[in-house]
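Notebook open, structure loaded. I'm jotting down what I look up as I go.

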Amino acid sequence: MNLMGVAVHMETKLWVVDKNGDNLKSYPHIKEAARLLTNNEVVAFPTETVYGLGANATLDHAVNKIFEAKGRPSDNPLIVHIANRTQLDDIASDVPDVVDILIEHFWPGPLTLVLRKKATYISERVTAGLDTVAVRMPDHPIALAILEEAKVPVAAPSANLSGRPSPTTAAHVVDYLKGRISGIVDGGPTGVGLESTVLDCTEEVPVILRPGGITKEQLERVCGQVHVDAALVVEGQAPKSPGMKYTHYAPKAPVSIVEGSPQFLQDVVKEKQLAGFKVGVLTTSEREGFYDAERIVICGTRSDLKTVASGLYDALRSFDESDVDYIISESFPQEGLGVAIMNRLLKAASFQVIREK
Ligand code: TXA
Ligand code: MG
């Protein structure tokens, strides 16, 4: 059913493409995906962070299809994806010098820049009526080939149904959007696994609106001081990035995060089991042996948080395939990539944290 309560059953083409192939732009599947985008259809494709759901960013009725397919609130603006620096000149104005330094270091890559929007070119539906626009150049050969072939800037949110964990494989996208979109390019699992860092560059000092693949420490090494939107650190503050106010990344069963020793976490598991719940535990390879629960899901290793980030959404989704009705997750130190991991986990848990006294 779509938002109007009408059944949606459009044919969704699935194209498998080897991301390591030579001259991807010449592949028939890439050309077909790009042609559909140019013809104002919506197509999902891999990026280095998560799968995106793309549409021509310059046309309202193409962009509307994204909101319709995802069930996304219309006041949540989209990120515009581009293949080269020159496309930026049509989209943004008053670009400060620091942006060129950031682009040089981090593009293509998981850094989205919020800039002053140039009037008229990008659809108002993309920017949800704001006078700013979010732009990124993804670091993925398939995404770049499609963007180059399509020759238009492409608005692309994560290719999940609104509120659910972002897709890191084409199978996740099929599960969410088959029958609702024109095509899905399967380029294998994505790398980073969490969405891009969103950085507001319209202020004197750049502000992180959403933590992601590029850390605050990495940004500061390149451009000096960087602020973090107060809403990310103080509860109850309205976020500057509209998307950050929504519940997100949530599996079907409720999630709580436990801060404390493995023994304390196991005590919480026991307590929930006594209350009648079937409990799932989200852990890491170091600690899997500590727990006794109905389902244990191992997500990467603490010694390399990149592995936790890349597996997090698949781990959260995997609980949906079991019959657990309560999920307990370990917590992670809030530094480096741990900031983005905890941001997503806290949202999945609606900020439910159980702390050891
Ligand atoms: O890694 C990513 O960024 C993925 C891949 C597909 O590129 N995309 C993605 O898009 O995560 P989405 O729509 O799921 O998240 C976009 C975020 C939202 O939090 C939105 O509110 C924010 O970017 N955003 C977009 N335009 C903005 C603007 N002009 N000002 C502030 N925040 C903005
Ligand atoms: Mg999203």
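**R180.** I started with R180, which is buried at a relative accessible area of 19%. My cut-offs: buried is under 20% relative accessible area, exposed is over 50%, and partly exposed is in between, with a 1.4 Å probe and protein chains only. R180 sits in the loop between α7 and β9 (183–186). I also checked R180 against H9: they are 171 residues apart in sequence, yet 6.3 Å apart in space, C-alpha to C-alpha.

**Ground rules.** This is a predicted model, so local features need pLDDT of at least 70 and side-chain atom pairs count only at pLDDT 80 or more, while totals for chains, interfaces and linings use all residues. Residues are numbered from 1 along each chain as its sequence is written, chains are lettered from A and ligands numbered from 1 in the order in which they are written, and side-chain values use heavy atoms, with hydrogens and water left out.

**Whole chain.** I count 12 helices and 17 strands in the chain. The radius of gyration is 20 Å, close to the 21 Å that the globule rule gives for 357 residues, so the chain is as compact as a globular protein of that length. For the record, the radius is taken over C-alpha atoms, and the rule is 2.2 Å times the number of residues to the power 0.38. Helices here are DSSP runs of H or I with at least four residues, strands are runs of E with at least two, and both are numbered from the N terminus.

The C-alpha trace spans about 60 × 50 × 40 Å along its principal axes. Buried residues make up 55% of the 357. Of the contacts (heavy atoms within 4.5 Å) between residues at least 6 apart in sequence, 67% join residues at least 24 apart.

**Charges.** I get 36 positive and 46 negative side chains, with the centres of the two sets 4 Å apart. Lys and Arg count as positive, Asp and Glu as negative, and His and the chain ends are not counted. Each charge is placed at NZ of Lys, CZ of Arg, CG of Asp or CD of Glu.

**Aromatics.** How many aromatic pairs does a search of the whole structure find? It finds 3. In one of them, Y249 and Y313 have ring centres 5.4 Å apart and planes at 15°, so I log the pair as stacked. This pair links distant parts of the chain: Y249 is in the loop between α9 (230–233) and β13 (255–259), Y313 is in helix α11 (residues 305–318), and they are 64 residues apart. The criteria: rings of Phe, Tyr and Trp (its six-membered ring) pair if their centres lie within 6.5 Å, and planes under 30 degrees apart are stacked, over 60 edge-to-face, the rest tilted. Y249 is buried at 2% relative accessibility, and Y313 is buried at 0%.

**Helix α2.** In α2 (residues 60–70), I find A62, V63, I66, F67, A69 and K70 buried. These pack against β3 (52–56), α5 (124–127), β8 (154–155) and α7 (170–177). Just after the helix, G71 has a positive phi of about 65°.

Is α12 (residues 338–348) enclosed or open? 10 of its 11 residues are buried, so it is largely enclosed by the rest of the structure. Among the buried ones is L345, and L345 turns up again as a contact of S329. S329 lies in strand β16 (residues 326–330) and is buried at 1%. Leaving out residues up to four places away in sequence, S329 also touches S256, I257, V258, L265 and L282.

**K118.** K118 is in the loop between β6 (111–117) and α5, partly exposed at 35%.

Most residues other than glycine have a negative phi, and most peptide bonds are trans, which is the reason I looked for exceptions. W107 and P108 are joined by a cis peptide bond, with omega about -10°; P108 is in the loop between α4 (97–106) and β6. N23, not a glycine, has a positive phi of about 50°, and it counts as exposed at 53%. After α12, S350 has a positive phi near 45°. F351, in the loop between α12 and β17 (353–355), has a positive phi near 65° and is partly exposed at 48%.
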